[in-house]
Amino acid sequence: MPGAIVVTPAERAVDVLIGVLARRGYTVIAPTVRDGAIVLDEVTGVADLPIGWSDEQEAATYRLDCNGSRSLFAYAVGPYSPRRYLSEPRRTLWSARRTDDGFELDTEASDPAPYAFVGVRGCELAAVAVQDRVLRDGAHPDTSYVRARAQAFFVGVSCAHPVATCFCTSMGTGPAIETGHDLAVTELLDGDRHDLLVSAGSERGQAVLAELQEQVNWRPAGEGDLEAERNLVTASVGTMTRRLDPGRARDVLRANLDHPRWDDVASRCLSCTNCTLVCPTCFCSAVEDVTSLSGDRAERVQRWDSCFTLGHSSLHGAGSVRGDTRARYRQWLTHKLSTWWDQFGESGCVGCGRCISWCPAGIDLTEEVRAMSGEEPL
């Protein structure tokens, strides 16, 4: 089994790959254009991918751009991440219906098809590993997440088009695909050339790669192909202008819990929860008991929650522990970049930049840390 191959043409290879994964029982999730953004959704073929589309992002800014090329993966990251599928925004824990003798639990349990993610970036694979520490490997595993995670198949793509909000290089999570993948893909698009450099990262990946080789033309990757991949990654690293030293960020926030910058950011923050909703590592949730108006049905629902909501820190008899925006923003940032280390031995940030792009106030966490450290802005 070759360790790496070049599959050409790229569109044919990706189309076949999606078919192979679907025949193996996977629901294939990949990027597609919808509602003015590149989002993850179920796809059935290469035509569903954002062919010829790229994105422009800056603080509080996201725009699509039709680049006119044949590129399949010429974008950074959109508002969705694998988190949306591995840990659903809303799921029913149990439901019951009224009977003559009381209530009876509905026992019909859904067993969704496993997901195959095509086109995920290194920062997103790192985010899955972060969530593993919390939802799979922690003291109280989330059984739904554990099941979905065990079945998931990941096709990672080297990021050749980082945007202005990206800082994965600082966090050691990209732009190359190094860990957490079943298959790794690099799109090589130069003039008339449009190839995929593919390698397997797991036994499941090797099996899928072998089936792919039976249906497409391929050849072993040469040194020129590998050099083209290295040049692409090097160019991506060179375009990233935002920086965040994860160790220094941890120490700066820990030493500045009463810094006046918290008041400054609180005057801008809307507590809208956008940053936590798009973050690929956030895991806060709430549980609600819901009863129908007729009283015939009841269910317990788990849904995503955010530390920016007033009720998230509410204690019985005491109300909300964090009653203002200043306290809630400080909780989010210090947990993400500082106390996460105490809990899980790593940062809770992977440098994807989503929280910067999708914050309507344009708040930039790298700038907040820099301001508290006393460094001059870039």
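Me: Is Cys279 buried or exposed?

Reply: Buried means under 20% relative accessible area, exposed over 50% and partly exposed in between, with a 1.4 Å probe and protein chains only. Cys279 has 11% relative accessibility and so counts as buried. Please keep in mind that this is a predicted model, in which local features need pLDDT of at least 70 and side-chain atom pairs count only at pLDDT 80 or more, while totals for chains, interfaces and linings use all residues. Residues are numbered from 1 along each chain as its sequence is written, and side-chain values use heavy atoms, with hydrogens and water left out.

Me: How many disulfides are there?

Reply: In general, a disulfide is a covalent bond between the sulfur atoms of two cysteines. The rule here asks for a pair of cysteine sulfur atoms within 2.5 Å, and by that rule the count is 0. Cys279 is in no disulfide, and its nearest cysteine sulfur, in Cys282, is 3.7 Å away.

Me: Let's turn to polar side chains. What does the side chain of Gln57 make a polar contact with?

Reply: A polar contact is a pair of N or O atoms within 3.5 Å; within protein, one must be able to donate a hydrogen and the other to accept it, and residues adjacent in sequence count only if both atoms are side-chain atoms. The side chain of Gln57 has such a contact with the side chain of Ser357, at 2.7 Å. A polar atom of the Gln57 side chain also lies 2.8 Å from the backbone oxygen of Val77. Gln57 is buried, at 6% relative accessibility.

Me: Where is Gln57 found?

Reply: Helices (H or I, at least four residues) and strands (E, at least two) are DSSP runs, numbered from the N terminus. Gln57 belongs to strand 4, residues 53–58. If contact is taken as heavy atoms within 4.5 Å, and neighbours within four places in sequence are left aside, the partners of Gln57 include Tyr62, Val163, Thr165 and Trp358.

Me: Which residues of helix 8 are buried?

Reply: In helix 8 (residues 246–254) they are Gly247, Ala249, Val252 and Leu253. These buried residues pack against helix 9 (261–268), helix 11 and helix 13 (365–373).

Me: How many salt bridges does the rule give?

Reply: A salt bridge is a side-chain nitrogen of Lys or Arg within 4 Å of a carboxyl oxygen of Asp or Glu. The count by this rule is 33. One of them joins Asp106 and Arg297 at 2.6 Å, N to O. Asp106 lies in the loop between strand 7 (102–105) and strand 8 (115–120) and Arg297 in strand 14 (residues 297–304), so this pair ties together parts 191 residues apart in sequence. Asp106 and Arg297 also belong to a network of salt bridges with Arg97 and Glu104.

Me: Which helices does the salt bridge between Glu368 and Arg261 link?

Reply: The side chains of Glu368 and Arg261 meet at 2.8 Å, N to O. Glu368 is in helix 13 and Arg261 in helix 9, 107 residues apart. Glu368 is buried at 1% relative accessibility, whereas Arg261 is partly exposed at 21%.
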